[in-house]
Amino acid sequence: SKLILTNFVIPTYSPYGIYENKIEYGLKEMIKDLNDKLETLTQNLESVYCFDMNGFVTRFGEHNVFNFREFFFGDVKVSIDYIPYLAYDFMGYVKPMLGLTKKCIVLDLDNTLWGGIVGEDGFEGIKIGQNVAGKPYAEFQRLLLSLNQRGIILAINSSNNFDDAMKVINEHPNMILKEENFACLKINWNNKVTNMKEIAAELNIGLDSMVFIDDDQVNREMISKNLPEVLVINLPKDPSKYTSTLMALNDFNSLKITQDDINRGKMYLQERKRKDFHGSATNLEEFFKQLNIKIKIKNADKFTIPRISQLTLKTNQFNLTTKRYQEEEIRQIAENNNWLVGCAQVEDKFGDNGITGVFIIKKENKNWFLDTFLLSC
């Protein structure tokens, strides 16, 4: 099980009024200290998480979340109108437990990553940077970069001239995201539905793990109707709201961010180099020889168990039994002498792919049973 504790709301009112901060260990300081201790406690407990209830109240407002009338009438601590928002935040813990999180954000370019249309406004005419019109797009890109740096894949699906778009991505001084941040680039005049399918195939991920962001409502509806598995974000017309819209999603949460997650962007860049190298090889056998692949088989330990659990929860395509295991379950199994738990780390000339394979074997006397065997894409 997972246990979620909420921290305490720091009150805005004190009976001491403005003298509150002159009192040694006053009411507000006391609750801040309690929250700090609670956070320290949960940091060292694998199955326990601390939900920032104080942050929740700050976000929606104390006078909205707490209603005196409802409290006196039925001892309701959170206003009925705001219980759905609280439930939505709690679902941010449930989704990663069930392996229902999203892995990839697919982005349009014009009026999404920058203001204007590069094919019409030109390289210098698009809006991105420190002027009033360009600030929202730069801030949106900063948020996308922060998600990419913790393991969320970024891809492009844009109707555009390839050379014009790539010139902006690689050369515009105010671009936050660069070519190396994108695992797949579909910049062409093809149907966006076709592009989405090709992105999923090239990245070897399911459509149900993808999020599509486009300022054009027609494109959004086209993806929604033809690819209902894809989560399509209804981007507001006001670009200043792009960042808050993305921040409000609870689909990118992870109960554990592993080193493989942090390195994922680099891994996909290496994968693009492999594909280019594959295209230049004379045959498949020669390609594999020149890759210099090295495989390390490792036992489950405190370093590998989080990744092993993550792979059992997320991997679908090459998974012989599709059994799902939480981190605590893997830890218990690994400590049992009747079980054998291990993983495979793969390296080649282009870099380290991290842990990409998992096996779990149950031993019953002389009979061994393959409980789990999977390979990540």
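Predicted model: local features only at pLDDT ≥ 70, side-chain atom pairs only at ≥ 80, totals over all residues.
Residues are numbered from 1 along each chain as its sequence is written, and side-chain values use heavy atoms, with hydrogens and water left out.

Let's start with the whole chain. Its C-alpha atoms fill a box of roughly 80 × 70 × 40 Å, taken along the principal axes. You'll find 16 helices and 11 strands; these are DSSP runs numbered from the N terminus, with helices (H or I) of at least four residues and strands (E) of at least two. Of the 377 residues, 44% are buried, meaning under 20% relative accessible area with a 1.4 Å probe, protein chains only. Now take contacts (heavy atoms within 4.5 Å) between residues at least 6 apart in sequence: 64% of them join residues at least 24 apart.

Next, the inside. A nonpolar core is a set of buried Ala, Val, Leu, Ile, Met, Phe, Trp, Tyr and Cys residues joined through side-chain atoms within 4.5 Å. The largest one here has 35 residues, and Ile105, Trp114 and Leu246 have the most contacts inside it. Several elements give it two or more residues, including strand E3 (104-107), helix H7 (135-149) and helix H11 (242-247). H7 supplies the largest share, seven residues. Have a look at Trp114: leaving out residues up to four places away in sequence, it touches Leu109, Ile126, Lys127, Ile128, Tyr137, Ala165, Val168, Ile169 and Met175. There's also a second, separate core of 20 residues, with Cys104, Cys184, Ile205 and Leu227 among them.

Finally, follow the chain to strand E10 (residues 351-364). E10 is mostly covered, with 10 of its 14 residues buried. Strand E9 (residues 339-348) runs antiparallel to E10, and 10 bridges join the two; strands count as paired if DSSP finds at least two bridges between them. Here Val346 stands opposite Gly354 in E10, and the E9–E10 hairpin has two residues between its strands. E10 also pairs with strand E11 (residues 367-375), in the antiparallel sense and over eight bridges. This time Val358 stands opposite Leu374 in E11. The hairpin of E10 and E11 has two residues between the strands as well, and Asn365 takes a positive phi near 55° there. As you trace these strands, keep one general point in mind: in a regular strand, side chains alternate between the two faces of the sheet.

Note on methods: Buried < 20%, exposed > 50% of the residue type's maximum accessible area, 1.4 Å probe, protein only.
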